[in-house]
Amino acid sequence: MPLLDKLRAIVGPAHVLAGTELSPYVIEGRTPEAAVRPGSVDEVAAVIAQAAEAGVPVVPWGGGSAVGVGVPPARAGLVLLLTRLSALVEHEPGDLTATAQAGVTVAALQAALRARGQWLSLDPPDAARATLGGVLAANASGPRRHLYGTARDLLIGVTVVTADGAVVHGGGKVVKNVAGYDLPKLFIGSYGTLGVIVEATVKLRPVPDEERLVAVRFERLEDAGAAVRALLASDLIPNAVDLMDAPAGAALGLPPAPATLAVGFDGLGEQVDWQVAALASVVAPCGGAKPAPLPPALWERLAAAARDAFDAPAAMMTLSVLPGVVADTMEQGAEAARQRGLASAWCAHAGVGHVTATLRAEGERQDAAPIAAVLEDWRAAAHAGGGHASVTWAPLPVKSALPVWDDAGAAGRLMQRIKAQLDPNNVLNPGRFVGGI
Amino acid sequence: MATLTAGRKPVLRRELEALVGADGVLSEPDELLVYESDGLTLFRALADFIVFPTSVEQVSAVVRLANREAIPFVARGAGTGLAGGCLPAEGGLVISLMRMNRVLEVDYDNQIAVVEPGLVNLHLSQAVGPRGFYYAPDPSSQQACTIGGNIATNSGGPHTLKYGVTVNHVLGLEVVLPDGEIVWLGGRTRDALGYDLAGVFVGSEGTFGIATKIVVRILRKPQAVKTVLAVFDRIEQASAAVSAIIARGLVPAAVEMIDQLTIQAVEDAFGCGYPRDAAAALLIELDGLAVAMETQAERIVAACRDAGAREVRTAASEAERQLLWKGRKSAFGAYGRVSPAYMVMDGVIPRTKLPYVLGRVNEIVAAHGLRVGNVFHAGDGNLHPNILYDPRKPGEEARVVDAGAQIMKVCAEVGGSISGEHGIGLEKADFMPFIFTAADLAFMQRLKDAFNPRGLCNPGKVFPTRKSCVETGPVAYRPHAIETQGLAQRF
């Protein structure tokens with residue numbers, strides 16, 4: 001029996017997509033052989049087992065919001081859609097934990113949790129589309145990571161389907177747990193290369209009484225950088241410290257300024273009031289204007305400010321650097337682009353050194369070489385800042401002109417050994433990840 | 001259990017001395033005895049050599065030698081572990097990191113420190129304290145345990161309720177892999193490139209390699225701290241108060257519970273101001289901004305009173321706060337006054353299951369004809385029942401072990417875990433099937449094989465074995481040599 005027939009027998013004919021139905025699932029020009037929508041963990045396991053037996057690679061797919069990240073697959077194979085696995089399995093407010101299936105969107109999960117006074121303190125962009133499993137697999141995060149950390153600080157248990165179709169659990173349902181290896185950490189940011197996340201248990205927090213976002217304008221990026229350092233050294237406990245250059249600020253509709261610092265606070269009302277007032281005196285000596293309130297709707301757009309700066313981006317890069325050099329990195333990076341005649345937009349979760357940059361496309365048929373050259377400059381700047389940088393979006397010609405992922409060095413060989421142990425036949429998202437994994 | 005022939009040993013000793021110096025190798029039987037167990041003296045095993053490297057190159061060279069000879073090796077810090085995790089279960093080398101104990105670098109702007117694995121946990125907070133910083137993970141043994149050991153077990157502590165456990169504070173590690181290669185996992189920045197290998201390494205109980213440099217986050221000390229003591233006449237009321245605090249949307253820095261037996265032991269030993277007739281007390285700490293600290297404290301007090309607390313008071317001074325914490329942190333030592341020996345359990349349950357599980361713990365221990373004291377991290381559901389016993393009474397230790405296994409089963413049944421912070425080590429290897437399937441364990445074994453393909457690095461730990469002490473019955477208790485000499489006590 002051919003693979004597609006076997007898949008139809010597992011999930012039902014309506015949930016195996018082929019032909020023109022595949023157009024939403026084309027990955028960087030490559031059309032998959034089929035897309036399949038399993039309705040249970042057992043069906044996911046059966047589908048992967050069949051694909052593995054047939055030697056067809058499997059590309060896990062949540063909301064598709066990070067599908068352009070990484071090296072394009074040599075063969076798209078089977079797209080495994082997880083959107084039917086969208087149940088909130090368990091939420092016990094007294095335990096401050098919840099278990100949900102991987103295909104639930106972040107927005108739907110948060111709405112269900114908020115109805116009972118709690119939330120998952122993770123705020124990646126595209127919440128309406130991004131799924132819990134996808135966010136974990138891509139290690140996506142947002143501005144509130146400044147205070148609440150990333151998936152590695154929140155994920156306490158995970159269920160995955162492995163490359164041979166086995167169902168494996170790691171961690172558990174309790175907030176503190178050192179039994180066995182920390183499989184949740186292994187799967188965070190692994191881009192579906194080691195197993196397909198089907199269920200996750202996360203730590204929750206109570207919804208704060210109040211939350212406020214304010215903007216501080218600066219005449220120079222370096223002044224904003226000094227303000228970030230002063231803020232980190234102060235007694236204040238912001239939940240977000242986001243820095244934007246002029247194009248990124250403009251994308252959010254902020255008043256024009258060479259640099260804008262968006263700072264968030266949450267807690268009891270009097271704590272928020274006190275901190276907003278204290279912020280003014282922290283930033284003023286660095287040349288910061290008086291903090292001005294921002295509309296709450298802006299929260300969810302902060303992380304994507306650089307991405308949204310241009311209608312036609314030429315490339316996007318994420319840089320991880322030391323917090324103290326964020327503003328310098330942004331300034332040098334923008335200058336490197338300018339020298340090659342290109343415009344760029346920059347935003348950063350500045351307090352944690354997470355920087356995002358976008359290059360603007362110039363014309364229809366742009367040469368990949370200058371774009372790749374700028375990205376190489378940016379990568380060099382990240383290295384100088386003690387970190388690393390990877391291309392998170394670019395057209396294929398650009399992706400073939402420089403390594404998409406940064407070089408993981410000796411650790412990269414260890415990663416390859418892990419991949420070889422856990423997915424020896426290269427079934428899961430092959431070729432997509434760091435080091436050719 | 002030594003693995004080497006008498007003839008081979010002197011040859012290897014000379015080779016090891018050439019690598020780490022003549023004063024860096026122990027191999028005499030009386031010297032080896034000191035390293036035959038950790039804080040859990042139930043398990044003992046002798047190494048062939050104890051080696052004290054002073055650099056990553058030396059660690060790597062020793063590991064390469066062990067590979068050449070195909071002899072097992074295990075890293076050891078201060079030996080305060082409570083699961084037998086650093087024992088040389090199959091002989092070979094113990095690699096002590098105690099001579100690699102420096103703070104290499106502190107970057108206050110970026111709030112990170114680079115330290116060596118043998119650094120005592122508390123010494124890091126002392127080093128950065130004058131600049132207003134501290135290292136958050138605070139296991140009860142923090143005056144003695146090392147950061148490298150904390151990496152192995154992913155240590156917790158009272159304040160991990162708010163600030164997370166060790167892994168949440170580790171950004172990068174320089175590691176000697178089990179084949180001797182030196183690699184960096186993670187680095188100084190918050191986001192890793194590729195798989196989060198630093199995150200996976202932390203808590204791997206020394207089976208993935210040996211950490212030789214550690215990049216940790218240091219935190220600004222909070223502007224204000226408030227410590228509340230709530231006293232209850234019934235232990236169920238104290239359990240209910242924990243849930244009530246959470247339900248009011250409060251996340252304290254710490255919520256610790258101390259039961260009556262423990263209170264009495266602590267008061268006998270140290271006089272810390274806990275009421276001796278209380279069934280249980282909660283020690284609750286809030287920290288953060290000075291503004292609104294009173295408002296938050298009022299919410300805590302109200303939650304405790306609603307749960308039936310007979311008395312709720314806040315520490316009026318730093319001295320009183322320190323005294324209350326001394327009571328909590330000295331509880332283990334205080335048990336020595338009420339019992340010749342005790343065994344510390346470590347299990348985790350969903351917070352809402354506290355009343356049920358505490359009741360079951362007491363039933364199980366009573367059914368075994370034993371007594372139990374509870375002092376634990378109630379806020380995150382991490383139980384520490386301490387079963388008191390007399391090792392000189394025949395059969396009593398076996399009953400303790402059996403009661404411990406039953407308590408672990410209860411933790412597993414309510415959806416919890418068999419270890420919150422002590423690790424699996426040797427002690428709980430055979431309990432792993434309580435919470436993991438054969439497929440789970442097989443997957444973990446493959447992950448281990450990627451790091452440690454020859455299995456020479458800390459063999460015999462974490463994974464269940466067919467033959468173990470639990471099944472064959474524990475060895476009779478003998479006080480450890482350093483205990484009889486008064487050099488150390490169990491805590």
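A nonpolar core is taken here as a set of buried Ala, Val, Leu, Ile, Met, Phe, Trp, Tyr and Cys residues joined through C-beta atoms within 7 Å. In this predicted model, the largest such core comprises 306 residues, and those with the most contacts inside it are Ala230(B), Ala241(B) and Ala281(B). Helix 8 of chain B (residues 235–247) supplies the largest share of this core, eight residues. Apart from neighbours within four places in sequence, Ala230(B) contacts Ala241(B) and Ala281(B), together with Leu282(B), Ile284(B), Cys304(B), Ala309(B) and Val312(B).

Chain B is assigned four domains, namely domain 1 (8–99), domain 2 (103–220), domain 3 (224–329) and domain 4 (339–470). The centres of domain 1 and domain 4 of chain B, taken over C-alpha atoms, are separated by 27 Å. Between these two domains of chain B, 16 residues of domain 1 are in contact with 17 residues of domain 4. On the domain 1 side, helix 3 (56–69) and strand 3 (73–76) of chain B are the elements that give two or more residues. The residues of that side comprise eleven nonpolar, four polar and one charged.

Helix 11 of chain B (residues 318–329) has twelve residues and, at 1.5 Å a residue, should span 16 Å; the end C-alpha atoms are 16 Å apart, in agreement with this expectation. The buried residues of helix 11 of chain B are Leu324(B), Gly327(B), Arg328(B) and Lys329(B). These buried residues pack against several elements of chain B, among them strand 12 (224–232), strand 14 (280–288) and strand 18 (371–376).

Strand 18 of chain B also contains Asn374(B). This residue counts as buried because Asn374(B) has 22 C-beta neighbours inside 10 Å, the cut-off being 20 or more. Leaving aside neighbours within four places in sequence, the contacts of Asn374(B) are Met257(B), Asp259(B), Thr262(B), Leu358(B), His384(B) and Pro385(B). Asn374(B) and Ile387(B), 13 residues apart in sequence, lie 8.7 Å apart in space, C-alpha to C-alpha.

Between the chains, 65 residues of chain A are in contact with 67 residues of chain B. Elements giving two or more residues to the chain A side include helix 6 (151–154), strand 9 (167–171), helix 8 (221–232), helix 10 (269–283) and helix 14 (409–422) of chain A. Helix 14 of chain A gives the most to this side, with nine residues. By class, the side of chain A that touches chain B has 29 nonpolar, 22 polar and 14 charged residues.

Methods: Residues numbered from 1 in each chain as written. Chains lettered and ligands numbered in written order. Predicted model: local features only at pLDDT ≥ 70, side-chain atom pairs only at ≥ 80, totals over all residues. Buried ≥ 20, exposed ≤ 12 C-beta atoms within 10 Å, placed from the backbone. Helix = DSSP H or I, 4+ residues; strand = E, 2+ residues; numbered from the N terminus. Contact = placed C-beta atoms within 7 Å. Domains from an automatic or database assignment. Nonpolar A, V, L, I, M, F, W, Y, C, P; charged D, E, K, R; others polar. Expected span 1.5 Å × (residues − 1).
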